[in-house]
Structure formats: C-alpha cells, structure tokens
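Subject: Model for you to look at

Hello,

Here is the structure I promised to pass on. Please open it alongside this note.

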Amino acid sequence: MVSLVFLVASLQSLASLASLSAAVGCGRSSESSQPAAPTISPTAERRTVRGVVKAVHASPAYATIAHEDIPGYMKAMTMDFEVARPALLEGVKAGETVTFTFVESTDRRLVIEAIEAAR
Ligand SMILES: [Cu+2]
C-alpha cells in the first residue's frame with residue numbers, strides 16, 4: 001500500500017515534470033519562430049501594390065495589410081508581410097492606405113522593401 005502511494009506520487013511528479021518541460025519547449029519554439037532574416041535574391045521580381053494597413057506589429061516587425069488584387073500572382077486578401085528593415089514601419093499606421101513594394105524571399109516569405117502613403 002505504501003509503495004502504491006509512492007508510485008502515484010512519483011507518477012504525479014513525473015507528470016508535472018513533463019508539463020514543465022513541455023512549457024519550456026513551447027517557449028523555445030516560439031523563440032525560434034521569430035523569423036531569421038529572409039534571404040532575398042537581388043533578381044527576384046519586385047511587385048508594387050496598394051493596400052490598407054490593418055495592423056502594424058513591432059517585434060517581430062511585420063504589417064497586416066489588405067492588399068489589392070495582384071494580377072497573375074495573388075487575389076486581393078488580408079495577410080501579413082515581413083519587412084526588410086523594421087524602420088520601414090515607422091510612421092505606418094493602421095487604417096492608412098499605402099503603396100508598397102515587396103519581394104518573395106527564397107523561402108517564399110513576402111517581404112516589404114518600400115512602403116509609403118498612397119497618393
Ligand atoms: Cu496575399
């Protein structure tokens with residue numbers, strides 16, 4: 001009987017250890033999901049498109065933009081774009097209509113290289 005109680009207690013501590021290491025693992029994976037700098041080919045096609053900024057995020061820096069139709073590439077949709085440099089998003093605000101130029105990185109991430117208020 002004593003050994004059964006001990007076994008249950010051991011299992012409980014094992015379970016809490018397991019959940020602790022799961023939490024640590026989760027923390028690690030969210031850190032590693034912070035994107036490394038994308039690799040961009042200088043010859044990759046650049047596309048310039050208009051959109052409405054839905055949200056601007058600081059760390060990691062990216063913008064959620066409802067972009068217009070990009071013929072032959074992508075229908076109009078709301079999606080996230082990374083930025084070549086975080087400073088590109090300085091002064092960019094949700095609700096603003098912008099014109100921006102983006103490029104697809106070698107691992108197919110969409111990266112803004114220039115962005116300005118739409119004229
Ligand atoms: Cu899109």
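Below is what I found in it, from the overall fold down to two residues.

Confidence first. This is a predicted model. The mean pLDDT of the protein is 83. Of its residues, 71% reach 70 or more. One stretch needs care: pLDDT stays under 50 over residues 19-32. For that stretch the model has 0 contacts beyond four places in sequence. Where pLDDT is low, the predicted coordinates should not be read in detail.

Now the fold. The protein has 1 helix and 5 strands. From the N terminus, the order is α-β-β-β-β-β. The strands form a closed barrel that runs 1-2-3-5-4, with mixed pairing. From one strand to the next, the twist averages 55°. Contacts reach across the chain: among those between residues at least 6 apart in sequence, 52% join residues at least 24 apart. Buried residues account for 13% of the 119 residues.

Next, the strand pairs. Strands of a sheet pair through backbone hydrogen bonds, either parallel or antiparallel.

- Strand 2 and strand 3 are antiparallel, with 6 bridges between them. Ala63 has Phe81 of strand 3 as its bridge partner.
- Strand 3 and strand 5 run parallel and are joined by 2 bridges. Here Val83 has Ile112 of strand 5 as its bridge partner.
- Strand 4 (residues 97-104) and strand 5 (residues 110-117) run antiparallel, joined by 7 bridges. Phe102 also has Ile112 in strand 5 as its bridge partner.

What sits in the core? The largest nonpolar core has 13 residues. Ala63, Phe81, Val83 and Ile112 have the most contacts inside it. Strand 2 (62-67), strand 3 (77-83), strand 4 and strand 5 each give two or more residues to this core. In soluble globular proteins, nonpolar side chains tend to be buried together.

Which residues does Phe81 touch, leaving out those up to four places away in sequence? They are Tyr62, Ala63, Ile65, Phe102, Leu110, Val111 and Ile112. Phe81 itself lies in strand 3. Phe81 counts as buried because 20 other C-beta atoms lie within 10 Å, and the cut-off is 20 or more. One of its contacts is Ile65. Phe81 and Ile65 are 16 residues apart along the chain, and their C-alpha atoms are separated by 7.3 Å.

Is Ile115 buried or exposed? Ile115 is buried, because 23 other C-beta atoms lie within 10 Å. Its place is in strand 5. Leaving out residues up to four places away in sequence, Ile115 touches Leu88, Val92, Val98 and Phe100. Take Val98 as one of these. Ile115 and Val98 are 17 residues apart along the chain, with 6.7 Å between their C-alpha atoms.

Phe81 is the bridge partner of Ala63, and both are among the core residues with the most contacts inside the core. Then go to Ile112, the bridge partner of Val83 and of Phe102. Leave residues 19-32 aside when you look at detail, as pLDDT stays under 50 there.

Best wishes

How values were computed: Residues are numbered from 1 along each chain as its sequence is written. This is a predicted model: local features need pLDDT of at least 70, side-chain atom pairs count only at pLDDT 80 or more; totals for chains, interfaces and linings use all residues. Helices (H or I, at least four residues) and strands (E, at least two) are DSSP runs, numbered from the N terminus. A residue is buried if 20 or more other C-beta atoms lie within 10 Å of its own, exposed if 12 or fewer, and partly exposed in between; C-beta atoms are placed from the backbone. Two residues are in contact if their C-beta atoms, placed from the backbone, lie within 7 Å. Two strands pair if DSSP finds at least two bridges between them. Axes are lines fitted to C-alpha atoms, for helices over the stretch in contact, and angles run from 0 to 180 degrees between N-to-C directions. pLDDT is the predictor's confidence in each residue, from 0 to 100. A nonpolar core is a set of buried Ala, Val, Leu, Ile, Met, Phe, Trp, Tyr and Cys residues joined through C-beta atoms within 7 Å.
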